[in-house]
Amino acid sequence: MADIEVEIVGAEGKLWSGSARQVSAKAGEGEIGILAGHEPVLSVLKPGEIRVFPVGGGQPERWQVEGGFLSFDSNHLTIVVDDAVAGARPAAPTAH
Amino acid sequence: MAGQQRVYRQRIRSTQSLKKIFRAMELIAASRIGKARARVTAATPYARALTRAVSAVATHSNVSHPLVTERTDTNRVAVLVVTSDRGMAGAYSASAIREAERLIGRLTEAGKEPVVYATGRRAVSYYAFRGRELAGQWTGNSDAPSVETADEIADALLTAFGAPADEGGVSELHVVFTQFKNMVTQTPHVIRLLPLEIVDGVEPLADDEIAPLYEFEPSPEDVLDALLPRYIRSRIYTCLLQAAASELAARQRAMHTATENAEDLVRMYTRLANQARQAEITQEISEIVSGADALAS
């Protein structure tokens, strides 16, 4: 299966780029998962998590973003983020 | 005569210490310029992604947006002047201000009312000295502008553009900044940022490329709404970064020339001091000789 070229850019520079099998993010109309061959899409990003699944499988790279947008066409995905923090979402405080 | 020699020696000493300062400033500018250029390069992917997305929306939908439509209800126009905080950069700030003044003159002739926004202490003090009012000013960090500063400026200008005519709204936004072409050429440049002319900015597609048919989520209007302010911010940030790189290049060149001039001065004063010393010796000898002659006769 084909891979997608991912580029994640912030205002001050490129944050990450490379190939991925799948990318999921929180788009304007809910969670969106992008695989190779997805139709061209241009969407607003909502505050949430971006997950980039590497080609060979394994743990996804994660970023927490405040907003931005993503554009995908011909297997090239560009994600523009406002404020991104690498890493998993901090664990929700457990109720006692 | 001995007094003259001392004066020259003093001048040589002070010129030498000035030369050290100039040399230091040249080296500082030279070391920072690489970083400034790297920041320009680093910001390019963001700007490019935004431009592509904006042109994609523009070509695939006929949505109109306040930021792309001409305003006719007011004749006030905003002019943002980007200069440096400190001098010692040759004609850098002066030529940006001169370009801005020319633009303001043109706008006034066209029956518009320019409202000036300034970044950098040089522009702020220029307008303050002439008693002209600034609608907004930002100082500090002109040689390493941050995204936050750019956002602040963009927010202020977007607010002005969105404000009603009787509350200080403006119908256009022009930016005067110094474009960094290379290490020796930086030219003042004027761009009209608002209202946006998207049609001109669309990237032409290669022959074998077909413009992708995008799906917009949630809707073209919402996407445009999110894109355009970001686009403006990124454009302003790019302008600031270019200006910073130009400022450092101008400073490096100015300080290099200053160092060379100081060297010339030191050389000249050394010659004059030597001349004075010789003159003094000659005079002493002739005094002794003529004294001896007077006694002998």
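This is a predicted model: local features need pLDDT of at least 70, side-chain atom pairs count only at pLDDT 80 or more; totals for chains, interfaces and linings use all residues.
The predictor assigns the complex an ipTM of 0.81 and a pTM of 0.85. For chain B, the average pLDDT is 88, and 94% of the residues score at least 70.

An open sheet of five strands is found in chain B. The strand order is β3-β2-β1-β4-β5, with mixed pairing. Strands β3 (136-138) and β5 (186-194) of chain B form the edges, each pairing on one side only. On average, neighbouring strands are turned by 20° against each other, direction ignored. In general, strands of a sheet pair through backbone hydrogen bonds, either parallel or antiparallel. Strand β1 (residues 76-82) and strand β4 (residues 172-180) of chain B run parallel and are joined by five bridges. Within this sheet, B:Ala78 stands opposite B:Leu173 in β4(B).

Two helices of chain B were examined against these strands. Helix α4 (residues 147-162) packs on the sheet and touches β1, β2 (113-119), β3, β4 and β5 of chain B. The direction of α4 makes about 175° with that of β3(B). Helix α6 (residues 220-296) of chain B lies across β1, β4 and β5. Helix α6 runs at about 35° to β4(B).

The largest nonpolar core has 98 residues. B:Val79, B:Val81 and B:Leu227 have the most contacts inside this core. The greatest contribution comes from α6(B), with 21 residues. Beyond residues up to four places away in sequence, B:Val79 touches several others, including B:Ala100, B:Leu103, B:Ile104, B:Val116 and B:Val176. Contacts of B:Val79 also include B:Pro114, B:Tyr117 and B:His174.

Definitions and conventions
Residues are numbered from 1 along each chain as its sequence is written. Chains are lettered from A and ligands numbered from 1 in the order in which they are written. Two strands pair if DSSP finds at least two bridges between them. Helices (H or I, at least four residues) and strands (E, at least two) are DSSP runs, numbered from the N terminus. Axes are lines fitted to C-alpha atoms, for helices over the stretch in contact, and angles run from 0 to 180 degrees between N-to-C directions. Two residues are in contact if their C-beta atoms, placed from the backbone, lie within 7 Å. pLDDT is the predictor's confidence in each residue, from 0 to 100. A nonpolar core is a set of buried Ala, Val, Leu, Ile, Met, Phe, Trp, Tyr and Cys residues joined through C-beta atoms within 7 Å. A residue is buried if 20 or more other C-beta atoms lie within 10 Å of its own, exposed if 12 or fewer, and partly exposed in between; C-beta atoms are placed from the backbone.
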